[in-house]
Amino acid sequence: MALPYLWLLLFFVVPFVIVLKISFSDIDLAIPPYKPLLEWVGKHSLAIKLNFDNYAFLFTDALYLHAFANSIKVAFLSTLMCLVIGYPMAYGIARAKPAARNVLLLLVILPFWTSLLLRVYAWIGLLKANGVINNVLLSLGIIHEPLTMLYTPFAMYVGIVYSYLPFLILPLYANLEKMDWQLLEAAEDLGCRPWQAFYKITLPLSRNGILAGSMLVFIPAVGEFVIPALLGGPNALMIGRVLWDEFFSNRAWPVAGAVAILLLILLVPFMMWYQSVQARETAGAR
Amino acid sequence: MNYRSSFFILTCIGFGFAFLYIPILSMVVFSFNASKLVTVWDGAHSPTLKWYYALLNNEEILDAAWISLKVAVINASGAVILGTLAGFGLARFSQFRGRFTLNAMTTAPLVMPEVITGLSLLLLFVALEQLIGWPAGRGITTMTIGHMTFSMAYVTVIVNSRLASFDTALEEAAMDLGARPFKIFFVITLPIIFPAILSGWLLAFTLSWDDLVISSFTSGPGSSTLPMVVFSKVRLGVSPEINVLATLTLTVVTAMIVGVSLWMARRARLDQGA
C-alpha cells in the first residue's frame, strides 16, 4: 500500500505544488522559461519573491475570464444534453431482459474503448462542407447549399456530448440496475400515472447515479482540449485550449501555471462532491 | 419482475445507439473509398484496399505505433501492480492512516482535466531534472510515468469494487487452516480477482494507447506517440489513412471486448456450477 501511496504523492500531489510555485514566478527567456522564487540576496539572506502578475494578468485580460465562463457554460450544457440522451438509454438498458442487457451494455462500452481522437475525427468527416451529412441532405434535396457545421460551437457540442455520453450512461445504469421496480408497480396499482411514478420514485432514487454521471462529464469537459481544438474552430474559447496555447505556443509557463491553478480551484469543489456521491453509492451497495 | 419497455424508451435507445455508432461506421465504410476526398464516394474504383497498403507502408505512423505499444504495455503492467495494491488496501483495511488521502488521490485522476495533469507532471520532471539530474530530458520514461499515474486510478476502482463484492470467508478459512497472508493473497485472492485485474490491464493499456494530452506534455523529441501523429494529421483535415487506422482499431477492440466478455461469462457459469 505504501508503494501506490508514495507514487501518487510524488507524481500527482507534488506536481501541483510545483505548478503553484511556478505560477508565482517571473517569465524568463531561458530554459526552463521561468525565474526561481528563492534567491540568495547577499551572503546570508534568502529572499522569496512572489509575483502576482500572472494572476493579475488573467483578471485584466478579458480573454481569460471569457474562456473560463465559456468553458463552464459549454460543460454545463453538454452535461444537460448527455443527461437528456443518456438517461432514457440507461433506463431502457436497466429494464431490458438480462441477456439483451449485456449486449446493450457492451454496445455502450465499445465506443468508450475506441480511441477518443479517432471518434472526434469521425465527426470531421460527417460535418465538413463536403462531408457525409451535407452530401446526404443535398442528394435528398432538403438543402441546396452545404450547411456550415464544422468549426462552429454546434460541432463542439456534438463532439463533447458524443465523447462523454458513455461516462454518463455507465454510472447511471449501475445505479438504476439496483432499483426495486416493484415500487413502480405498487405506485401504478395505487393509481399513479407512469410519468408521475417516474417523477416521484425513479428520479429521486437515481439521484446519486445522475450526480455521479454528470460529474464525470462536467469536470473533464470544463478542461477539454482535443474536441474544441479539432471541431470548434479558431473562435472556440475553452480554458483547456488557452492553457495549451500559453504553454506550447507562447512558452508562457507561469501564465499556464496560473490558469491551471485557477481551473483547479474552480473544479475541486465538484471533485469533492463527486467523491462523496461515490462514497454514498458504494456504502449503499454493501 | 417484468421487462416491458415503452415505445418512447425503445425509440430513445434506437436514436442513442444510432448517434453512438453512425460516426464509427462511417469511418469503416470510407476506409474502403478510393477517392482522396475521403467523404465523397468514388463508386468506380471502390471498394479498395489501397489506403490499407498506404498505411502499412507509412513509416511515420508505424514508428509512432511502435512507441505507443511500448509505452502502453509497460504502463498497463505497472498500473496493474500499483492499482491492485491500492485497491486491495482500500477494500480490506477500513482504518489506516492516510486512507482518506489515498482514496482522494485515486479518485481525483479519474476526473482531473488532462491539461492540468499533463502540465503539472511536466513541471515536476523539469524541476527534478534541475534538482537531481533525473530524468535527463523527456521521452518514453517520463510518458510512461505520466500514464501510470492516471491509469492506476482506474485499476484501483475496478479492483476495489471487485473486492468489495467478494466473500472474505474464503480468506478466513484459509487463515484458519494455517495459510500465511502472503500465500492466501496469491492462492485465493489473486485468482478470484483475476478478471478485475485483466480488465484493469486492458483498460490501462487502452488509456495509454489513446492518450494525446499527457503524452504531448511529457514526451520529448523523437518520441511522438500514435495519437500525437494522428492529431497533427487530423488538424490539417481528413485523411484516408486515418479511416483505415480507425477501422483497424475498432476491429481489434471489438474482438478483444467480445472475447473477454465471453470468457468471463463462461468463467461465471463454471463458478456457479462448481
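The axes of helix α3 (residues 62-94) of chain A and α1(B) come within 8 Å of each other, crossing at roughly 115°. This geometry, like every value below, comes from a predicted model. The crossing of α3(A) and α1(B) is left-handed. From α3(A), the contact draws on A:Ile85, A:Pro88, A:Met89, A:Tyr91 and A:Gly92. From α1(B), the residues are B:Ile9, B:Leu10, B:Cys12, B:Ile13, B:Gly16 and B:Phe19. Nine residues of this helix contact are nonpolar and two are polar. None is charged. Two packed helices are described by the angle between their axes and the distance between the axes.

In total, 73 residues of chain A are in contact with 67 residues of chain B. Helix α1 (residues 2-23) of chain A supplies the largest share of the chain A side, with 14 residues. The chain A side comprises 56 nonpolar, twelve polar and five charged residues.

Chain A is divided into two domains, domain 1 (1-51) and domain 2 (54-285). Their centres, taken over C-alpha atoms, are separated by 34 Å. Ten residues of domain 1 are in contact with nine residues of domain 2. On the domain 1 side, seven of the residues are nonpolar and three are polar. No charged residue occurs on that side.

The largest nonpolar core holds 161 residues. The members that touch the most other members are A:Ala90, A:Trp123, A:Val226, A:Leu243, A:Val259, B:Leu119 and B:Ala204. Helix α7 (residues 153-177) of chain A gives the largest share of this core, 15 residues. Both domain 1 (1-51) and domain 2 (54-285) of chain A contribute residues to the core, so the core lies between them. Leaving out residues up to four places away in sequence, A:Val259 touches A:Leu58, A:Ile239, A:Val242, A:Leu243 and A:Glu246.

Chain B has eleven helices and zero strands. Of the 274 residues of chain B, 43% count as buried. Contacts in chain B between residues at least 6 apart in sequence were also sorted by separation: 75% of them join residues at least 24 apart.

A local view of chain B is given by B:Trp41. This residue sits in the loop between α1 (7-30) and α2 (50-56) of chain B. B:Trp41 counts as partly exposed because it has 17 C-beta neighbours inside 10 Å, whereas a buried residue needs 20 or more. Setting aside neighbours within four places in sequence, B:Trp41 is in contact with B:Asn33 and B:Ser46. B:Trp41 and B:Phe30 are eleven residues apart in sequence. In space, their C-alpha atoms are 7.5 Å apart.

Notes. Residues are numbered from 1 along each chain as its sequence is written. Chains are lettered from A and ligands numbered from 1 in the order in which they are written. This is a predicted model: local features need pLDDT of at least 70, side-chain atom pairs count only at pLDDT 80 or more; totals for chains, interfaces and linings use all residues. Two residues are in contact if their C-beta atoms, placed from the backbone, lie within 7 Å. Helices (H or I, at least four residues) and strands (E, at least two) are DSSP runs, numbered from the N terminus. Ala, Val, Leu, Ile, Met, Phe, Trp, Tyr, Cys and Pro count as nonpolar, Asp, Glu, Lys and Arg as charged, and the others, Gly among them, as polar. A nonpolar core is a set of buried Ala, Val, Leu, Ile, Met, Phe, Trp, Tyr and Cys residues joined through C-beta atoms within 7 Å. A residue is buried if 20 or more other C-beta atoms lie within 10 Å of its own, exposed if 12 or fewer, and partly exposed in between; C-beta atoms are placed from the backbone. Domain bounds come from an automatic or database domain assignment. Axes are lines fitted to C-alpha atoms, for helices over the stretch in contact, and angles run from 0 to 180 degrees between N-to-C directions. A crossing is left-handed if the near helix is turned anticlockwise from the far one by less than a right angle, and right-handed if clockwise.
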